[in-house]
Amino acid sequence: MTNAPRRIGVLTGGGDCPGLNAVIRAVTKTAIFDYGMEVIGIEDGYRGLIENRMHPLTSLDVSNILTRGGTILGTCNRSNPSHFATGLDDNGQPVFADVTEQCIRHLRERQIDALVVIGGDGTMACTRPFAERGINCIGVPKTIDNDLPGTDLTFGFTTAVDTATDALDRIHSTAASHHRVMVVEVMGRNAGWIALHAGVASGSDVILVPEIPYDLRCICEFVEDRSRHGKRFSIVCISEGARPATGEQVVARIDPTSPDPVRLGGIGEKLADDIAATTGLETRTTVLGHVQRGGSPVPSDRVLGTRFGHHALELLAAGERNRLVVQRDGEITDIDLGSMETGQRLVPLDDPLIAAARAVGTCFGDTSA
Ligand code: F6P
């Protein structure tokens, strides 16, 4: 405990996901009960640090939050202190400024010695300037997308798969009744983890992931073949980041104020139109969207969040600096904080789940199906 901080700040940045409250609870209770530290909750991610909005967290504040979705601290995915939109210019374009020093002043005024930053790659990139200026930062990775390099699993992913699978199961019965092709678009950015796992769990007939660009002809032949053999409906589970081999991803919008400005979305509708136009089969689209980020975390995400939060505090108590908590081979461990900033953990083409899905007849929209 020699180099351990006495007062720590905790924030949640980027998109929310189920399990954030489990981490906040574990961090706060471990800090107070095991190490006698004080905990300050920073509101709305880095925005709260920029605007000096924070408040002490007691054990009572984090009692009864384990099962709650979202984050009791609030979050923001548009507030990078080193590139913060302070207003608009004459053309209505955002004007950016580096407000890192202002944030450091707020930390010093509150005598916060260390930060626990719960976020994804964008939030961790925002954290680097603080570590470089001597603030001890412990990162805890989160996202429903499960695409962060360095960790085998992020909390939130299993709950999102659960939610998407439930939706796909429900789509199944209406698809069968109406003899339709049902295209269901799921989240995941450039990685197909959610589509692959929810698609397999729900027995989707076609699974389309960004890692395997699809051939429309192949998908149409597959669903027509099913129709000819008496299976008069098909379920297509498609990642928002999927694209045809001959085309581009569909971008829903660009947010220049976000550390990760591209928002994908719309490929499901495009594919449904293409299938209907090519096959004449009646086709509908459902976009699951943010429903995948909501709701109570499943038990394994509560457990993972609790273990991540506890490990973050063990690191601080041991005087460790600038580490990122991760899960590797089933163990909770830690790596250098900077490790997550580059690259995305995509689904490998030799993932055993792809082979297992192909073996039960799932089409991935490519010729090896
Ligand atoms: O990273 C989590 C995620 O839900 C992605 O799957 C999705 O592409 C993105 O965030 C949506 O972001 P926003 O909440 O800004 O629309």
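Author: Two strands pair if DSSP finds at least two bridges between them. Strands here are DSSP runs of E with at least two residues, helices are runs of H or I with at least four, and both are numbered from the N terminus. The model is predicted: local features need pLDDT of at least 70, side-chain atom pairs count only at pLDDT 80 or more, and totals for chains, interfaces and linings use all residues. Residues are numbered from 1 along each chain as its sequence is written, and side-chain values use heavy atoms, with hydrogens and water left out.

Start with β1 and β6. β1 pairs with strand β6 (residues 114–119) in the parallel sense, over five bridges. Val 10 stands opposite Val 116 of β6.

β1 has another partner. Four bridges join β1 to strand β2 (residues 38–42), and the two run parallel. Here Arg 7 faces Glu 38 in β2. Helix α1 (residues 20–35) belongs with these two strands: β1, α1 and β2 make a right-handed β-α-β unit. Right-handed means that, with the strands pointing away from the viewer, the path from the first strand over the helix to the second runs clockwise.

Now the side chains. In a regular strand they alternate between the two faces of the sheet. In β1, Arg 7, Gly 9 and Leu 11 point one way. Ile 8, Val 10 and Thr 12 point the other way. Six of the six residues of β1 (residues 7–12) are buried, so the strand is largely enclosed by the rest of the structure.

Next, the aromatic pairs. Rings of Phe, Tyr and Trp (its six-membered ring) pair if their centres lie within 6.5 Å; planes under 30 degrees apart count as stacked, over 60 as edge-to-face and the rest as tilted. By this rule there are two aromatic pairs. Tyr 46 and Phe 130 are stacked, at 5.3 Å centre to centre and 15° between the planes. This pair links distant parts of the chain: Tyr 46 sits in helix α2 (residues 46–50) and Phe 130 in helix α4 (residues 121–132), 84 residues apart. Both Tyr 46 and Phe 130 are buried. Phe 155 and Phe 308 are edge-to-face, at 6.1 Å centre to centre and 75° between the planes. Phe 155 and Phe 308 are buried too.

Definitions and conventions: Buried < 20%, exposed > 50% of the residue type's maximum accessible area, 1.4 Å probe, protein only.
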